[in-house]
Amino acid sequence: MAQAQGLGKRYMKAFFKGFFVAVPVTVTFLDRVACVARVEGASMQPSLNPGGRQASDVVLLNHWSIRNYDVQRGDIVSLV
């Protein structure tokens, strides 16, 4: 019984250690490199949501290119 409790404590300690490393890394990645966004409505037709369908498109927003001023003519830019 004592051995099982020690095993459980080790697993919990490893879980929290991984959690407290993974969360900041994930937040930094989503803020600095890229994130996923949903495009809804007719504002971007016909490039996104073609045909007037009600479903939304999912896009990957590349933060890295914006930070390096690597925007070219024809690129779709998202503003918040």
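Predicted model: local features only at pLDDT ≥ 70, side-chain atom pairs only at ≥ 80, totals over all residues.
Modeller: Residues are numbered from 1 along each chain as its sequence is written, and side-chain values use heavy atoms, with hydrogens and water left out.

Biologist: Why is Tyr69 called exposed?

Modeller: Tyr69 has a relative accessible area of 76%, and exposed means over 50%, with buried under 20% and partly exposed in between (1.4 Å probe, protein chains only). Tyr69 is therefore exposed.

Biologist: Where does Tyr69 lie, and what is its phi?

Modeller: Tyr69 belongs to the segment after α2. Its phi is positive, about 55 degrees, although Tyr69 is not a glycine.

Biologist: Why does Asp70 count as partly exposed?

Modeller: The relative accessibility of Asp70 is 44%, so Asp70 counts as partly exposed. Asp70 is also found in the segment after α2. From Ser43, Asp70 is 27 residues away in sequence and 24 Å away in space, C-alpha to C-alpha.

Biologist: What makes the contact between Asp31 and Arg32 a salt bridge?

Modeller: A salt bridge requires a side-chain nitrogen of Lys or Arg within 4 Å of a carboxyl oxygen of Asp or Glu. The side chains of Asp31 and Arg32 meet at 3.6 Å, N to O, and a search of the whole structure finds one salt bridge. Asp31 is partly exposed at 40% relative accessibility, and Arg32 is partly exposed at 41%.

Biologist: Which residues make the nonpolar surface patch?

Modeller: Met12, Phe15, Phe16, Phe19, Phe20, Val23 and Val27 make a patch of about 700 Å². Patches are made of residues with over 30% relative accessible area and no salt bridge; like charges are joined within 9 Å, and nonpolar side chains (Val, Leu, Ile, Met, Phe, Trp, Tyr) within 5 Å. Areas come from the Shrake-Rupley method with a 1.4 Å probe, and for residues only the protein chains shown count as cover.

Biologist: How do you know that Phe16 and Phe19 are partly exposed?

Modeller: Phe16 has a relative accessible area of 39%, so Phe16 is partly exposed. Phe19, at 40% relative accessibility, counts as partly exposed. Phe16 lies in helix α1 (residues 2-32), and Phe19 lies in helix α1 too. Phe19 and Met44 are 25 residues apart in sequence and 38 Å apart in space, C-alpha to C-alpha.

Biologist: What classes of residue make up the lining of the largest pocket?

Modeller: The lining has 11 nonpolar, four polar and five charged residues. Ala, Val, Leu, Ile, Met, Phe, Trp, Tyr, Cys and Pro count as nonpolar, Asp, Glu, Lys and Arg as charged, and the others, Gly among them, as polar.

Notes
Helix = DSSP H or I, 4+ residues; strand = E, 2+ residues; numbered from the N terminus.
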